[in-house]
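I opened the model today to look up a few residues and the packing around them. My entries follow in the order I made them.

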Amino acid sequence: MVDHTIPEIVIGRLPLYLRELSRMAGESGKIKTSSHELAQRLGISPAQIRKDLSHFGEFGKQGTGYHISYLIERLTDILHLNDEWPVALVGAGFLGQALASYRGFQRRGFAITCVFDSDPAKVGVKAGGLVVQDAATMATRLREAGIRIAILAVPADAAQATADALVAAGVGAILSYAPVSLTVPPGVSVSYSDPVVQLQQMTYHLSIENE
C-alpha cells in the first residue's frame, strides 16, 4: 500500500540515498555511516536526511549511525526493488538505441525487455540486443507481459498519443524524454528527463554567481 501522505520530493531523494549507500558498501571495511557523512557526500543537510528516513520508521540510534547493509535492505524494500522490473522502451532512434544499450538499468532493478517503434525502417532491427517491434502491436504485447513501466523516447509531437496508448495498455509509470508535458489519468506516474531544462536551471545559478 502506497502512503500518499509522504511528499513526492522525499520519495525522490530515497534513490539518491540508496545509490550512495551502495557505493559505501563497496568501500573496504566500511560497515556504518551517519547522516552527517551522507550529507557531505550528497550535498543534503543531515537534518533533512534524518527527517526523510523518519517517514519510514527507525533506521539507527542517535550517536551510533546507520548500519549500511541494513539501510540498503530497508530502502530496497521501500522502493520495491527486490525483484527486477520489466520495462518497455518506446522509440528506437539515437536516444532509444543508447537507452536500450545502457546496462545501468539492470544493476538497479530494471530491465528493458522490449522496444517499440512506429518507423518501418526501425522495426526488425536490433536495439541493445532486442529486436525492435512494431508499435502497432505494443498494447497487446504489454498486456500479455504485464509490463507496468515504460520509457518514452519519441519526438514531442508523438509523445501524448504514445502516452495515451501506454496507459490504455496498463502502464502506470512513464519516464519521458520527450520535451513536452504529458496529460495522464490520476494514478499514473510520469517523470521527465529533459537535459535542456536542466541546463537552463544551471545557467540561472551561474548568472547569480556572476552578479
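**Entry 1: His55.** I started in the loop between H3 and strand S2 (60-61), where His55 lies. Helices here are DSSP runs of H or I with at least four residues, strands are runs of E with at least two, and both are numbered from the N terminus. His55 counts as partly exposed because its relative accessibility is 36%. I used these cut-offs: buried is under 20% relative accessible area, exposed is over 50%, and partly exposed is in between, with a 1.4 Å probe and protein chains only. Next I looked up its contacts, a contact being heavy atoms within 4.5 Å. Leaving aside neighbours within four places in sequence, His55 is in contact with Ile6, Pro7 and Val10. I also checked Thr5: it is 50 residues from His55 in sequence and 9.5 Å away in space, C-alpha to C-alpha.

**Entry 2: ground rules.** I noted that this is a predicted model, in which local features need pLDDT of at least 70, side-chain atom pairs count only at pLDDT 80 or more, and totals for chains, interfaces and linings use all residues. Residues are numbered from 1 along each chain as its sequence is written, and side-chain values use heavy atoms, with hydrogens and water left out.

**Entry 3: the whole protein.** I counted nine helices and 10 strands in the protein. Its C-alpha atoms fill a box of roughly 60 × 50 × 35 Å along the principal axes. Of its 211 residues, 33% count as buried. I looked at contacts with a separation of 6 or more: residues 24 or more positions apart account for 53% of them.

**Entry 4: the cores.** Which residues have the most contacts inside the largest nonpolar core? They are Tyr17, Leu21, Ile49, Leu53, Leu71 and Leu75, in a core of 21 residues. Helices H1 (8-25), H2 (35-42), H3 (46-54) and H4 (68-78) are the elements that give two or more residues to this core. H1 gives the most, with six residues. Such a core is a set of buried Ala, Val, Leu, Ile, Met, Phe, Trp, Tyr and Cys residues joined through side-chain atoms within 4.5 Å. A second, separate core has 18 residues, including Val90, Phe116, Leu142 and Ala159. In soluble globular proteins, nonpolar side chains tend to be buried together.

**Entry 5: H1.** I listed its buried residues: Val10, Arg13, Leu14, Tyr17, Leu18, Glu20, Leu21 and Met24. Their cover includes strand S1 (32-33), H2, H3 and H4. I then checked the length of H1. Its 18 residues should span 26 Å at 1.5 Å a residue, and the end C-alpha atoms are 27 Å apart, which agrees. The expected span is 1.5 Å times one less than the number of residues.

**Entry 6: His80.** I found His80 in the loop between H4 and strand S4 (85-90). Its phi is near 55°, a positive value in a residue other than glycine. Most residues other than glycine have a negative phi.

**Entry 7: Asp117.** Is Asp117 buried or exposed? It counts as buried, because its relative accessibility is 11%. Asp117 sits in strand S5. Past its neighbours within four places in sequence, it is in contact with Gly91, Ala92, Gly93, Lys122, Val123, Val132, Gln133, Asp134 and Ala135.

**Entry 8: two loop residues.** I found Gly124 in the loop between strand S5 (110-117) and strand S6 (126-127). It counts as partly exposed, because its relative accessibility is 47%. Gly124 touches Val131 and Val132, not counting residues up to four places away in sequence. Pro186 is in the loop between strand S9 (173-176) and strand S10 (189-192). Pro186 is exposed, with a relative accessible area of 81%. Gly172 is 14 residues from Pro186 in sequence and 9.7 Å away in space, C-alpha to C-alpha.
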